[in-house]
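Please open the model in your viewer and keep the selection panel at hand.

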Amino acid sequence: MAKAALETVLGASTIESLVRWLSPEVRESLAQQHSLARRAGRISSPPVAIKRARVCRVSARAAEVSIVAYCDGRARAIAMRLEDAAGRWLVTTIEVG
């Protein structure tokens with residue numbers, strides 16, 4: 001999920017494949033960032049590699065994840081909150097740095 005979100009923010013992939021796992025607010029935010037990247041002329045991004053991920057269970061129905069991703073020789077931080085929604089994980093917050 002983090003890799004796909006970073007690729008979306010960088011303008012490469014579309015958000016349609018992620019819709020099932022995103023809250024409406026997160027979906028709207030990523031779509032806006034994707035649109036801005038496309039307007040800036042980004043149509044593809046270098047390969048994204050996830051190097052580290054740490055999960056902290058904050059309650060029985062929620063977890064927070066911090067991810068370190070590398071893209072184009074640069075480290076990027078990604079933070080996500082996932083919540084249990086009808087038996088599946090739903091991303092309710094995401095921050096891409």
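By the rule used here (a side-chain nitrogen of Lys or Arg within 4 Å of a carboxyl oxygen of Asp or Glu), the count comes to two salt bridges. This is a predicted model, in which local features need pLDDT of at least 70 and side-chain atom pairs count only at pLDDT 80 or more, while totals for chains, interfaces and linings use all residues. Residues are numbered from 1 along each chain as its sequence is written, and side-chain values use heavy atoms, with hydrogens and water left out.

Select glutamate 64 and arginine 81 to see a salt bridge whose closest N and O atoms are 2.8 Å apart; glutamate 64 lies in strand S2 and arginine 81 in strand S3, 17 residues apart, strands being DSSP runs (E, at least two residues) and helices runs of H or I of at least four, numbered from the N terminus.

Next, select Leu6, Leu22, Leu30, Ile78, Met80, Val91 and Ile94, which touch the most other members among the 21 residues of the largest nonpolar core, a set of buried (under 20% relative accessible area, 1.4 Å probe, protein chains only) Ala, Val, Leu, Ile, Met, Phe, Trp, Tyr and Cys residues joined through side-chain atoms within 4.5 Å. Colour helix H1 (2–9), which supplies the largest share of this core, five residues.

Conventions
Buried means under 20% relative accessible area, exposed over 50%, partly exposed in between (1.4 Å probe, protein chains only).
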